[in-house]
Amino acid sequence: MKVLEERIRQEGLILSDTVLKVDSFLNHQVDTRLALEIGREFGRIFADEAVTKVLTIEASGIQFAMATGIALNVPFIYAKKKKAVTLSEEVYSAPVHSFTRGETYQVSVSRKYLSPSDRVLIVDDFLATGAALVGLVNIVRESGAKLAGVGCVIEKSFQEGRRLLEEMNVRVHSLARIASMSPGEIRFIEESAI
Ligand code: 5GP
C-alpha cells in the first residue's frame, strides 16, 4: 500500500535494526483517514472469505480491526491481555511471550463471541516475531471457528512471524513489508515481487 509506505518513510523513526516507531500516525496518535483506508484495503483483500468477525488484540490493533469491521460490515472483537493467569471456563485463552517486554501474558476472548459458525479475520498493527498473532490463531482454532486469514498493517519480513504463520497454514497479507531497516534507511519488499 503505497500511501502507507510513504508515511512510514516520512514519519517512521527507526530506533534500531528491529524497532520502528510509528507513533505519530499509526499506534499512539492515529490518522483516522489512513486507518479507515487500511480497513477498506483489508476489506478488499479478504472480500472473498465471507468473514463474520474481525479479531485483534488490545490495544494497538483496535483502530484497524474497527476500520476493517466497518468495511466488511461485521463486528470486531479485541482479545484482552492479562498478567495474572486466572483462567476461567468462560474464555478461550493462549499464552503470548512478548520479546519487547520480556514477559509472558495471557490473551483471552469470551466464549460468547466466537463459535464454530464464525469465519474470522485477524488484524494487527505489526507482524514481528509472530507471538501475538500465533496466540490469536490458537484461540480461533480452539473455538472451532474458521480462520479466514491474518492482515497486518506493517510486517517486518526479516523477523520470523510470517514464516511461523505460514507453517500453520495461515493466509497472511501485510500492507507494508519491510525487507530491512537501519537508522536512516528502510527497504520495502515491492508488491510486484510478492
Ligand atoms: P510480535 O513480536 O508478537 O509479532 O509483535 C507483538 C507486538 O509488538 C505487535 O503487535 C506490536 O504492537 C509490537 N511491535 C513489534 N514490533 C514493533 C515495532 O517495530 N514497532 C512498534 N511500534 N511495535 C512493535
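A residue is called buried if 20 or more other C-beta atoms lie within 10 Å of its own, exposed if 12 or fewer, and partly exposed in between, with C-beta atoms placed from the backbone. This is a predicted model, in which local features need pLDDT of at least 70 and side-chain atom pairs count only at pLDDT 80 or more, while totals for chains, interfaces and linings use all residues. Residues are numbered from 1 along each chain as its sequence is written. Helices (H or I, at least four residues) and strands (E, at least two) are DSSP runs, numbered from the N terminus.

**Stop 1: two loop residues**

Select Asn-169, in the loop between helix 6 (161-167) and strand 9. Asn-169 is exposed, because 8 other C-beta atoms lie within 10 Å. Its phi is positive, about 60°, although Asn-169 is not a glycine.

Now select Ala-50, in the loop between helix 3 and strand 3. Ala-50 is not a glycine either, and has a positive phi of about 50°. Ala-50 has 11 C-beta neighbours inside 10 Å and therefore counts as exposed. Most residues other than glycine have a negative phi, and most peptide bonds are trans.

**Stop 2: a cis peptide bond**

Go to the peptide bond from Glu-58 to Ala-59, which is cis, with omega near 0°. Ala-59 belongs to the loop between strand 3 and helix 4.

**Stop 3**

Two strands pair if DSSP finds at least two bridges between them.

Begin with strand 5 and strand 6, which run antiparallel and are joined by eight bridges. Ser-98 stands opposite Glu-103 in strand 6. The two strands form a hairpin with four residues between them, and Gly-102 in the turn has a positive phi of about 70°. Strand 6 also pairs with strand 4 in the antiparallel sense, over three bridges. Here Lys-82 has Gln-106 of strand 6 as its bridge partner.

Ser-182 has Glu-185 in strand 10 as its bridge partner, and Ile-178 stands opposite Phe-188. Two residues lie between the strands of this hairpin, where Gly-184 takes a positive phi near 95°.

**Stop 4**

Select helix 3, residues 32-45. The expected span of a helix is 1.5 Å times one less than its number of residues. For the 14 residues of helix 3 this gives 20 Å, and the end C-alpha atoms are 20 Å apart, which agrees. Which residues of helix 3 are buried? They are Ile-38, Gly-39, Glu-41, Phe-42 and Gly-43. The buried residues pack against helix 4 (62-72), strand 7 (119-127), strand 8 (146-156) and strand 9 (172-182). Contact here is counted when C-beta atoms, placed from the backbone, lie within 7 Å.

Move to helix 5 (131-143), whose buried residues include Leu-133, Leu-136 and Ile-139. Just after helix 5, Gly-144 takes a positive phi of about 85°.

**Stop 3: around the ligand**

Finally, select the ligand and its shell. A residue is near a molecule if its C-beta atom, placed from the backbone, lies within 6 Å of it. The ligand is surrounded by 18 residues, and the closest are Phe-126, Ala-128, Thr-129, Ala-131 and Ala-132. Strand 2 (20-21), strand 7 and helix 5 each supply at least two residues of this shell. Strand 7 gives the largest share, four residues.

Definitions and conventions: Contact = placed C-beta atoms within 7 Å.
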